[in-house]
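Please read the following account with the sequence and the model side by side.

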Amino acid sequence: MADFYKILEIERDASDADIRKAYKRLALVWHPDRNKDRLEEAEKKFKEISEAYQVLSDTEKRAAYDSERSSNESFFQKTHPPTPNFNPHDLFNMFFNNNVSDPFHRNFHFPNVNIHQQQQQNNTKRKGTTKIDNLHLSLKELYLGGKKKITTKIFDICQNCTGQGGFNIQSCGNCQGNGIIRKVNVLGPGLIQSTQSMCHQCSGSGKIVESICPQCTGKKLIVVLKSFIVDLPPCAKDNDKFIFEREGNASEDGGERGDLIFLLKETPYSKFERKENDLYYTYDLLLGDSLIGTTIQFEHLNGQNIRYFESGIIQSNSMRKILNLGYLDRPTNTYGDLYIIYNVKYPLYHEITEEQKDKIREIFPCLETQQQNSVDLPENNILINSELIKKNN
Ligand SMILES: [Zn+2]
Ligand SMILES: [Zn+2]
C-alpha cells in the first residue's frame, strides 16, 4: 500500500493545514498541464497526490489508514475502496474552488500567486479601462518640446445616478445578490463537486435596477471632456508614450480609474523629414543656380538660420551633410546629422527660342544628331502612344 505521507512529503503527525498546504503545492507542481514534457510521470504523480490527499484530509479515513497500515495493510483497501470514477482533476478543481464546468484541459492559466488571493481580487472592483489617445504633433513641435494642452474624451462616473446606472436598485432574488448560482453535486463518498455559473437574471451584477438612469442609459458612465498638460522634452519621437496613471476611464463598478496614455504621432513640418536621428531638408533650387552656384538659406527646426554658399555645379538629388545638426538622440544625448537634399527645378515653360537655343549650344555641348524632322515620319511616329512623366525619386 502506498505511503500517503511520503507522497505528500509530510510527517506522520502533520496537521490538517499541513496536509492542505502540501496538496496545494504538489498538485500545482505536478499538474499534467504544467508538465507536458514528462506527461506520463506527471499524471501518475498527480493521481497519487490526489489519492493521498483524499484519504489524509478526511479524519475518519486517515485514522483508519493509520491503524490499518501498522497491522493488516490490505484491510484498509477493503474497507475504503477507491472512489469509483475518481478523477483527480475534479478534486483539484474543487480544492481550488474553480468552476468545474471549465475543465483544465482547455485554457487554464496557472497563476504564479495564490489562487484564492487572485480570485478574491477578481471578485472585487475592477480597474477602469486604459484610454489611449494619439497626439499628433509636427516634427518642429516634437523637436522643440514644451508643454502641450490636450483635451480628450474619457469616461467618468455619471453624477445623475452616482454611478449606479439607475434608481430603486434591489438585490437580485434569483442569486441572493451574489451574481453567481452555485450548485453542489455529490460525485461519490466524500467527494463533492461544486459548480458555479453567472446569474442570468441580473447578468452577474447581483442587482435588479427598476428605473434606468436617462443620463447614462444604465451604463453608469458618461463621456466627459478633460484637459491635460503634456510636458514634452525636446526631441521626443513618434510612438513615444506619455502615461497618466489612474487618469483614464472611470471604473463602472467603483474600482480605480484606468490609465491615460498619449501616444505621440509625428506629422511633417515644412520640407523637413526625420530618419532615426538624422534630419533631411529638401532644398529647391533653380536650374541656373544649380549651374553657377547659389546661397543656400533656410530656417532650422531650432530657429537657427542656416546660410552658406554652394558653388556650382549642383547635381539634382545630391546632398550636403552637416554634422551634428540633426535630431537629439535622448538616450545618448548626441545629435544626428542634417542632410540638405538639392532638388533642381527645371524651367516649366516648354518653348525655348531659337536664339536661346543657340546660346545654350554655345555653352553646353549638345549632340543634336537627330533633327526633329529627319526621323520618325508622321505615319509611324512611336511617340503617339507615349507620355513624358516624372519619376518619383
Ligand atoms: Zn442575480
Ligand atoms: Zn446615470
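This is a predicted model, in which local features need pLDDT of at least 70 and side-chain atom pairs count only at pLDDT 80 or more, while totals for chains, interfaces and linings use all residues. Residues are numbered from 1 along each chain as its sequence is written, and chains are lettered from A and ligands numbered from 1 in the order in which they are written.

The chain has 10 helices and 17 strands, where helices (H or I, at least four residues) and strands (E, at least two) are DSSP runs numbered from the N terminus. Of its 393 residues, 18% are buried, a residue being buried if 20 or more other C-beta atoms, placed from the backbone, lie within 10 Å of its own. Among contacts between residues at least 6 apart in sequence, 65% join residues at least 24 apart; a contact here requires C-beta atoms, placed from the backbone, within 7 Å.

Helix α2 takes in residues 16-30, and its 15 residues reach 21 Å from the first C-alpha to the last, close to the 21 Å expected at 1.5 Å a residue, the expected span being 1.5 Å times one less than the number of residues. Buried in α2 are I19, A22, Y23, L26, A27 and W30. These residues lie on the same side of α2 because they cover an arc of only 120 degrees around the axis, taken from the directions that lead from the helix axis to the C-beta atoms.

Turning to the sheets, three strands form an open sheet in the order β1-β9-β8, with mixed pairing; two strands pair if DSSP finds at least two bridges between them. Strands β1 (131-138) and β8 (241-244) are at the edges with a single partner strand each, so one side of each has no neighbour in the sheet. Neighbouring strands of this sheet are turned by 25 degrees against each other on average, direction ignored, with axes fitted as lines to C-alpha atoms. Strand β8 runs antiparallel to β9 (residues 260-267), and four bridges join them; within β9, L263 is the bridge partner of K241.

A further open sheet has four strands in the order β10-β11-β17-β14, again with mixed pairing. Its edge strands, β10 (272-275) and β14 (319-322), each pair on one side only, and the twist averages 25 degrees from one strand to the next. Strand β10 pairs with β11 (residues 278-286) in the antiparallel sense over four bridges, and F272 stands opposite Y281 in β11.

Terms used: Axes are lines fitted to C-alpha atoms, for helices over the stretch in contact, and angles run from 0 to 180 degrees between N-to-C directions. A residue is buried if 20 or more other C-beta atoms lie within 10 Å of its own, exposed if 12 or fewer, and partly exposed in between; C-beta atoms are placed from the backbone. Two residues are in contact if their C-beta atoms, placed from the backbone, lie within 7 Å.
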